[in-house]
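Please look over the sequence and the model shown here before reading on. The report is meant to be read with both at hand.

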Number of protein chains: 2
Amino acid sequence: MSDSDTNRVFLLAERPTGRPDEDTFDLAEREIPEPGPGEALVRTLYLSVDPGMRGRMRAGESYAEPWGVGDPLQARAVGEVVESNGAGFEPGDVVAGRFQWADYTTVRGADLTAVDPDVAPISTYVGVLGAPGLTAYFGVQDVTEPKAGETFVVTGAAGAVGSVAGQIAKLDGARVVGFAGSDEKVEFLEEDLGFDAGINYKTTDDYGAALDEAAPGGVDAYFDNVGGEITDAVFPRLNVDARVGVCGQIALYNATEVPTGPRKLTTLIETRATVEGFLVYDYSQRFEEATRKLGEWVQSGDLQYRETVTEGLENAPDAFLGLFDGENIGKQLVKVGDRRA
Amino acid sequence: MSDSDTNRVFLLAERPTGRPDEDTFDLAEREIPEPGPGEALVRTLYLSVDPGMRGRMRAGESYAEPWGVGDPLQARAVGEVVESNGAGFEPGDVVAGRFQWADYTTVRGADLTAVDPDVAPISTYVGVLGAPGLTAYFGVQDVTEPKAGETFVVTGAAGAVGSVAGQIAKLDGARVVGFAGSDEKVEFLEEDLGFDAGINYKTTDDYGAALDEAAPGGVDAYFDNVGGEITDAVFPRLNVDARVGVCGQIALYNATEVPTGPRKLTTLIETRATVEGFLVYDYSQRFEEATRKLGEWVQSGDLQYRETVTEGLENAPDAFLGLFDGENIGKQLVKVGDRRA
């Protein structure tokens with residue numbers, strides 16, 4: 001962890017072809033920036049790495065503007081205000097927002113939200129109480145809408161989004177089945193989070209047979225963070241009027257050719273199922289409501305969460321790359337600094 | 001056309017592998033059946049053949065029960081009541097319902113609907129005022145929901161469903177682009193139906209380029225009757241919050257292996273688009289409202305329709321097989337008999 005007076009900043013060194021690696025990133029030394037009018041200088045405490053960042057490394061259009069080569073990488077983060085230039089915060093305030101992969105960032109006060117360290121640990125504001133938690137909340141409550149007695153399946157189930165989604169579906173009374181990538185994760189789902197069944201997709205040959213066992217009544221709601229072959233096995237098992245929420249497709253993000261797979265639209269006619277892609281930022285009008293609800297569930301113990309914390313900004317690329325191997329349980333964070341105030 | 005006293009009935013001779021052919025059908029001679037209590041004996045006048053029938057020739061589960069080998073084929077049809085055994089109709093009444101591919105069928109009175117020959121020609125009750133028209137109506141008004149100024153794309157655009165769907169989208173104020181399989185059909189779309197553009201998919205090499213020209217602002221609503229490569233070209237051109245209604249996938253119905261193609265779910269995240277399969281029978285509570293509306297549009301001339309009529313029950317298999325070559329413009333019918341009453 002740096003407490004020097006220079007500012008370390010990760011830049012996009014080159015656009016990755018296929019899987020990103022260490023050559024994707026360039027660590028530069030910069031001066032600590034001065035906050036402009038209405039801005040605050042924030043010191044990074046926790047930085048989020050998430051699979052969606054892969055999309056911004058591409059040149060093509062997507063829902064988010066691509067990062068330029070040579071530009072600083074960005075991330076949702078929690079930090080401490082060092083200096084405020086009319087930003088509406090005081091030095092020492094803990095805030096969340098979009099920072100650079102850096103020790104220090106200047107951010108407009110309007111783009112920062114206050115973090116209350118008394119509600120939950122500050123790291124949760126980029127995890128269970130941050131974008132991943134909100135993504136799970138809206139993806140369950142507004143998109144896949146599991147009802148009591150229905151079967152809800154989630155992929156990436158031990159990850160930041162999936163682990164919360166499955167628990168909310170349980171709170172809604174659904175039978176919950178999760179796909180995850182290790183026996184340790186499956187145990188986490190079944191023992192700690194109360195999932196009805198976990199499937200280790202790395203040791204299971206036949207996803208369809210595993211689903212037939214874990215979800216013998218078929219699938220009513222499917223929350224997909226992964227895509228690819230697991231999704232291929234889920235579609236033929238969708239029930240009439242099933243809802244599919246497409247949140248992420250990490251299995252495909254590093255593909256160098258257009259990925260192909262079984263065509264699925266005929267299944268939708270037979271089932272009258274609905275497939276909907278969603279982005280959490282479309283629900284920003286309701287973030288306050290959702291954050292309050294998530295906070296209540298965390299405080300009551302209804303919502304369990306876990307974090308995988310990598311120490312040191314310099315290790316942020318490794319933390320990001322590890323996502324594609326599924327190394328994390330729960331939210332993958334990078335701890336960049338400690339609170340001083 | 002038969003006016004003998006025997007009843008010709010087409011049976012499912014064998015389940016087709018791949019494309020059905022003449023061996024799929026067996027023409028049997030049977031006695032004219034007696035209507036049981038509450039039933040009517042109806043003489044077939046017009047028989048509908050439609051691509052969805054391919055699904056019922058398969059053994060596997062689908063939304064409709066598969067036909068048994070050796071059993072009579074069924075179809076939506078219009079006929080004349082010959083004899084009523086407490087069915088609530090009089091001999092000579094024109095009725096619509098699900099008949100056999102036969103000269104005569106017995107049908108429960110509760111399963112028949114009265115046809116009013118004064119509103120429109122009786123053949124329209126299996127076409128623009130029947131299941132195809134209703135499918136188009138709900139697929140546009142409830143599923144793909146084109147708004148004024150939006151771009152609506154439909155495949156199978158010169159067919160029974162697509163031709164009506166495109167016209168309803170025009171009534172809703174959308175720019176309408178249709179894919180069809182001949183220059184004659186494209187002319188029909190552009191000249192007779194008022195589509196903004198038609199694309200002959202059989203003579204167009206690059207569907208994407210054709211769409212870029214015909215729908216330069218991207219696609220807001222997509223009504224898919226066909227699937228396959230045209231759909232592959234539409235998906236990357238979907239706009240934010242686009243709606244896709246999956247009505248049919250005739251391009252895939254005769255596949256002997258699981259059809260594969262580009263994976264599409266990542267597109268849905270970027271666009272937050274919704275893909276929904278639908279079946280007209282799920283809207284049966286609203287058939288009366290929709291039929292009235294369609295009838296008004298037909299009478300006002302807002303809704304044009306065309307029919308391709310094959311003469312003679314014995315030619316019903318050819319009429320059905322021709323659907324897979326796109327031989328029909330508008331609704332494909334088989335004329336089995338004339339009204340006598």
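This is a predicted model: local features need pLDDT of at least 70, side-chain atom pairs count only at pLDDT 80 or more; totals for chains, interfaces and linings use all residues.

## The domains of chain A

Chain A is divided into domain 1, made up of residues 6-126 and 307-335, and domain 2, which covers residues 131-281. The C-alpha centres of domain 1 and domain 2 of chain A lie 28 Å apart, and 16 residues of domain 1 of chain A are in contact with 15 residues of domain 2 of chain A.

On the side of domain 1 of chain A that touches domain 2 of chain A, helix 1 (53-56) and strand 16 (331-335) of chain A each supply at least two residues. Sorted by class, the residues on that side of domain 1 of chain A are four nonpolar, eight polar and four charged.

## Helix 2 and helix 8

In chain A, helix 2 (residues 131-144) packs with helix 8 (residues 287-300) at an angle of about 100°, and the axes of these helices are 10 Å apart. Because angles of 65 to 115 degrees count as roughly perpendicular, helix 2 and helix 8 of chain A are described as roughly perpendicular to each other. From helix 2 of chain A, the residues A:Gly133, A:Leu134, A:Tyr137 and A:Phe138 meet A:Phe287, A:Ala290, A:Thr291 and A:Leu294 of helix 8 of chain A. This contact has six nonpolar and two polar residues, and no charged residues.

In chain B, the axes of helix 2 (residues 131-144) and helix 8 (residues 287-300) come within 10 Å and cross at roughly 100°, and these two helices of chain B are therefore roughly perpendicular to each other. Here B:Gly133, B:Leu134, B:Tyr137 and B:Phe138 in helix 2 of chain B meet B:Phe287, B:Ala290, B:Thr291 and B:Leu294 in helix 8 of chain B. The classes in this contact of chain B are six nonpolar, two polar and no charged residues.

In helix 4 (residues 183-192) of chain B, the buried residues are B:Lys185, B:Val186, B:Phe188 and B:Leu189. They lie on the same side of helix 4 of chain B, because they cover an arc of only 155° around the axis. An α-helix has 3.6 residues a turn, so residues three or four places apart point the same way.

The buried residues of helix 4 of chain B pack against helix 3 (160-171), strand 9 (175-180) and strand 10 (197-200) of chain B, whereas the face turned away from the buried side carries the exposed residues B:Asp183, B:Glu184 and B:Glu191. Helix 4 of chain B is followed by B:Gly194, which has a positive phi near 80°.

## Where chain A touches chain B

Between the chains, 29 residues of chain A are in contact with 29 residues of chain B. Strand 13 (260-262), helix 7 and strand 14 (274-277) of chain A are the elements that give two or more residues to the side of chain A that touches chain B, and helix 7 of chain A gives the most, with six residues. By class, that side of chain A has 13 nonpolar, 10 polar and six charged residues.

## A:Leu268

A:Leu268 lies in helix 7 (residues 265-271) of chain A. This residue counts as buried because 24 C-beta neighbours lie inside 10 Å. Apart from neighbours within four places in sequence, A:Leu268 is in contact with A:Ala273 and A:Val275, and with B:Val246, B:Val275, B:Glu276 and B:Gly277. A:Leu268 and A:Asp241 are 27 residues apart in sequence, and their C-alpha atoms are 8.9 Å apart in space.

Definitions and conventions
Residues are numbered from 1 along each chain as its sequence is written. Chains are lettered from A and ligands numbered from 1 in the order in which they are written. Helices (H or I, at least four residues) and strands (E, at least two) are DSSP runs, numbered from the N terminus. A residue is buried if 20 or more other C-beta atoms lie within 10 Å of its own, exposed if 12 or fewer, and partly exposed in between; C-beta atoms are placed from the backbone. Two residues are in contact if their C-beta atoms, placed from the backbone, lie within 7 Å. The arc is that of the directions from the helix axis to the C-beta atoms. Domain bounds come from an automatic or database domain assignment. Ala, Val, Leu, Ile, Met, Phe, Trp, Tyr, Cys and Pro count as nonpolar, Asp, Glu, Lys and Arg as charged, and the others, Gly among them, as polar. Axes are lines fitted to C-alpha atoms, for helices over the stretch in contact, and angles run from 0 to 180 degrees between N-to-C directions. Angles under 35 degrees count as roughly parallel, over 145 as roughly antiparallel, 65 to 115 as roughly perpendicular and the rest as oblique.
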